[in-house]
Structure formats: C-alpha cells, structure tokens
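Open the model in your viewer and keep the selection tool ready. This tour goes stop by stop.

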Amino acid sequence: MTALENRDYFTDPDIARDPYPFFEAVRAHGPVWQPENRDYLIVTGFDETIEILNNHHDFSAIVGLAGAAAPLPFEPIGSDITDQIEAHRAKFLGGDQVVMLDDEPHTKLRSLMNRLFTPSRLKANEEYMTALAERMVHDVVAKGRCDLISEIATPFVTLVISDLLGVPAEDRDTFMQLIDASPAPGNLDASLNTHEGETHPMVAMTGYFYRYITERQENPRDDILTELAGAEYHDGTRPSMMDLMTLGVFMFGAGQDTSAKLLGNSMRYIIDVPGLQDQLRADPSLIPAMLEEMLRLEGSTKQLSRLARRDTKIGDLPVKAGTKVLMGLSGGNRDPGRWENPGEFQLNRPKIKEHVAFGRGKHVCAGAPLARAEVRIIIEKFLEQTAHIGLDESKHGPASQRQFDFEPIFIIRGLSELQVTFTPAAGFKP
Ligand code: HEM
C-alpha cells in the first residue's frame, strides 16, 4: 500500500476531504520534501511558506490555478526561466488573472484593485451586510433550522459582493444560479467540469460584466463598477476592456466559496467547542479573535502553488529554476514549530494574525477585510437572535461521533452542508 505521504494530494478524495493527516505525514520528512514519483516539492513549514510567498524575485505565481501537479507547457532551460514563463503565459490555466501575474503587470492591476475598495464603500457595504444578515438569520431562526451552507453562507456572500461591486439587484438571482452551476475550482470530479466554451458560467458572467462596464462608461454611477470602468493604471495608461472584465469576474468569484466555507467551518466549532457559543454571546468582541483562530485551524484555502523561476533556495535547500512548489497552508498553519498544540482550538493565541490563511506578500488576499467582516457579522446576528445553536444529530450524529461531509476539492476546505438547529433568544419575534 502506498504510504500516505506518497499518495497524490491533487486527486486523492480522502486527502481532499481531510488534508491534515497527509500534511503531517509529509512534515515527518521535514518542512520541505519531495514525495516519490512527484515532480514538485511540498512545503509544510510555516517559516518556509512565508519565505517563498515573500520571494517574488525567484518564485512566480503562474501555476496558482492549475496547481503544482500540472505539467509545464515548456521544457525549462537554464538558471532563469522568467522569459520562458512570459512567452508561454497564455498556455497556463488562468494565466491572465491577477492572482497569477508577476512583477509590473501584477503591481499595476493590484494597485488599481486596491483603489476600488475605499473605506467609505466598505462602510456602506457593511451597513448592507448588517441589514441583510439580520433578515436572513431571522428567517431561518424563525423556522428553527437550516442548512447553513446553501441557505445562508452561499447566498449571503454572493449578495454582499454583488452589492459592493454594484451588480444590479435584478441580476443577482441569475448570478447565484450561475455560481451554483459552476464546478468549484480544484474539484476532483472531472465529470463536473463539463461546461465548455460559450456555455461556461464564467463566460456568461464575463458577458454581464462587459455590459455593466460599457453602461458605466456611458452613464457613471456611484459604485465600484463605475470606478472600474474609468480606471487608469498608476502610469496613466488605461486597462483594456478584456482586463477590466477579467478583473471584475475574478473579484466577484474570488471570495465566494472561501468566505462561505469559512462561515461553515466556524459554526461547526462554535457549536461543538464546549462553552464557546455562550462565551461569544456574552462577549461578541471575542468573535474576531475566534475567526482568526478558525482561519489558522480550518482556513478555507488549503494550498497555494508557485514555480521557481530562478535557481534559488528555500532555507538552505537549493532549488532549481523550473521546480514547482505546493505550499500546504493547512500544514503551515499547524506547524508545531510555530504553534503550540497546533491541532487544538484556542481562543486568543498570541500573534494569531500571523497565520497564512490569506497568503502573504504581494498576492496576499485583497478581500481579507471583506471576508472577515462578512463572517463576523453573520455570526454576530446568529448569536444575537438565538439562545442556543445545535447540530441536527440525525444528519451529523451525536456530539461524541460527529459526521461531516467535506467538499472533495484540493483547493478549498469546507463542508458540503451543515444542518443546524436553533432555540430562539428570549424576546425573538417570529
Ligand atoms: C475566507 C475567505 C478568503 C480566503 C481564505 C482567501 C484566501 C486567499 C489567498 C490565500 C490568496 C493568495 C493567493 C496567492 O498568493 O496565490 C487570495 C488572493 C486573493 N483574494 Fe482572497 N480569500 C478569501 C476571501 C476573498 C474575498 C471575499 C475576496 C473578494 C474581493 C477575495 C479576493 C482575492 C483576490 C482579488 C486575490 C488576488 C490578490 C492578488 O493576486 O494580488 N478573497 N485569497
């Protein structure tokens, strides 16, 4: 039988559903290790993960979407393959997406994107989120139960990003259906990846963004799509229509599953860690610290990949240009060299915000403040409106023998469903 550490991270459904034993088995060989029969390194060390994510000179983000196992579309030659990467960029999956760009093209697009999320827009969006959360949570608490993922988490994050960007209310249902129909990136089930060409939901969404951007160019409004439509790079040049549409769709899609799954992962602990929900109800100012610990312990992005573009080192280990690297964020965030009792949930760990759940360096998550606000607000509302939140034991089993279904996806750590039950708070009006 193949040892756990030599099994295939990218295709093994057991590892996709529970990545932690795999990363521990890999870690037993050191913080950076190459399994048998694989052409990439796996990094489980916290320090090494940060070192790579900060080393933009030697590591390219180009393999991010396809993952480290995907073959390169060229044969690397020499000690610096930067020019080869650029010459073949169009052949990499999602090679034009902001998250895959390197150097100046990334800096230009990223600084344009940063300017879109102004504090006043985020504040207005937070007011929208609070009212929406209040309403959605009220409806399910009145019902006494819900599937947290499909009834709350997914529609909530879709509506919030739609509001922030300025996607018209009448299109939001269509977007929710398109998201529902999209295979999640990193899905192991090839039969789900059947949408091709013009019919792919992402292509349909690009069509909508084309319409929004041209409409805003003719009739500006007070929303992010208008900012996007008139955006200039910091050198005064204008992005192409294709760049604007690609960025719009990426911003729309980037935080969907990740934020929704973080809510599910967090609620599971809120329910099952003894005393936690009462503690948070009594002092909601602890919710942000709880969320940081959740990002560390059950962060919804399990891995990132990079490609060494120059001969370099990770720590003292020489790494040749052309080497692919899989960084297990779920491993780095549980590195016992950095975190005491790493597999345990602990509220208020010192320096908890150093976790790598949002990545690090130039590509660090642009939506982290939004994700934190979304999940915090919805949890606040659940705790406000309930006296107790429980799990449906006919689905998830008794407290001593819980059963959960995790998505069989190599990128995302998240529950397929979480059936929760509610005892309304005193004074709750159905
Ligand atoms: C819990 C929720 C989220 C998690 C765990 C998460 C995680 C990450 C990670 C790990 C990266 C780094 C990718 C890399 O280095 O290759 C990233 C990048 C990014 N995220 Fe998030 N994300 C979340 C929510 C969001 C939301 C709500 C948005 C909405 C705008 C968003 C937008 C982005 C964008 C645009 C990038 C690319 C940044 C760049 O390449 O410069 N994310 N995210």
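Which residues have the most contacts inside the largest nonpolar core? Select L148, F156, V325 and I378. They belong to a core of 103 residues. A nonpolar core here is a set of buried Ala, Val, Leu, Ile, Met, Phe, Trp, Tyr and Cys residues joined through C-beta atoms within 7 Å. Its largest share, eleven residues, comes from helix α7, residues 148-165.

Some ground rules before moving on. This is a predicted model, in which local features need pLDDT of at least 70, side-chain atom pairs count only at pLDDT 80 or more, and totals for chains, interfaces and linings use all residues. Residues are numbered from 1 along each chain as its sequence is written.

**Stop 1: helix α7**

Select residues 148-165. Helices (H or I, at least four residues) and strands (E, at least two) are DSSP runs, numbered from the N terminus. α7 has 18 residues and reaches 24 Å from its first C-alpha to its last. That is close to the expected 26 Å, where the expected span is 1.5 Å times one less than the number of residues.

Is α7 mostly covered or mostly uncovered? It is mostly covered: 13 of its 18 residues are buried. A residue is buried if 20 or more other C-beta atoms lie within 10 Å of its own, exposed if 12 or fewer, and partly exposed in between; C-beta atoms are placed from the backbone. Step just past the helix to G166, which takes a positive phi of about 100°.

Now click I378. Leaving out residues up to four places away in sequence, I378 touches A133, V137, I152, F156 and L263. Contact means that two C-beta atoms, placed from the backbone, lie within 7 Å.

**Stop 2: the five-stranded sheet**

Show the strands. An open sheet of five strands runs in the order β1-β2-β8-β5-β3, with mixed pairing. Two strands pair if DSSP finds at least two bridges between them. β1 (32-33) and β3 (59-60) stand at the edges with a single partner strand each, so one side of each has no neighbour in the sheet.

Start with β1 and β2. Two bridges join these antiparallel strands, and V32 stands opposite V43 in β2. β1 and β2 form a hairpin with six residues between them. In the turn, N37 has a positive phi of about 60°.

Next, select β2 (residues 40-43) and β8 (residues 324-328), which pair in the parallel sense over four bridges. Where do the partners fall? Y40 is bridged to K324, L41 to V325, and I42 stands opposite L326. On the other pairing, β5 (residues 303-308) runs antiparallel to β8 and is joined to it by five bridges. There, L307 stands opposite K324.

Turn to the faces. In a regular strand the side chains alternate between the two faces of the sheet. In β2, Y40 and I42 point one way and L41 and V43 the other, and all are buried. In β8, K324, L326 and G328 lie on one side and V325 and M327 on the other, again all buried.

Zoom in on L41. It counts as buried because 22 other C-beta atoms lie within 10 Å. Beyond residues up to four places away in sequence, L41 touches V32, W33, Q34, T323 and V325.

**Stop 3: around the ligand**

How many residues surround the ligand? There are 25, and the closest are G255, G359, H363, C365 and G367. A residue counts as near if its C-beta atom, placed from the backbone, lies within 6 Å of the molecule. α11 (241-254), α12 (256-272) and α16 (368-385) are the elements that give two or more residues to this shell.

Colour the shell by residue class. It divides into 14 nonpolar, ten polar and one charged. Ala, Val, Leu, Ile, Met, Phe, Trp, Tyr, Cys and Pro count as nonpolar, Asp, Glu, Lys and Arg as charged, and the others, Gly among them, as polar.

**Stop 4: Q277**

Finish in helix α13 (residues 276-282), where Q277 lies. Why does Q277 count as buried? Because it has 22 C-beta neighbours inside 10 Å. Apart from neighbours within four places in sequence, Q277 is in contact with I270, I271, L383 and I389. Last, draw a distance from Q277 to E86: their C-alpha atoms, 191 residues apart along the chain, are separated by 50 Å.
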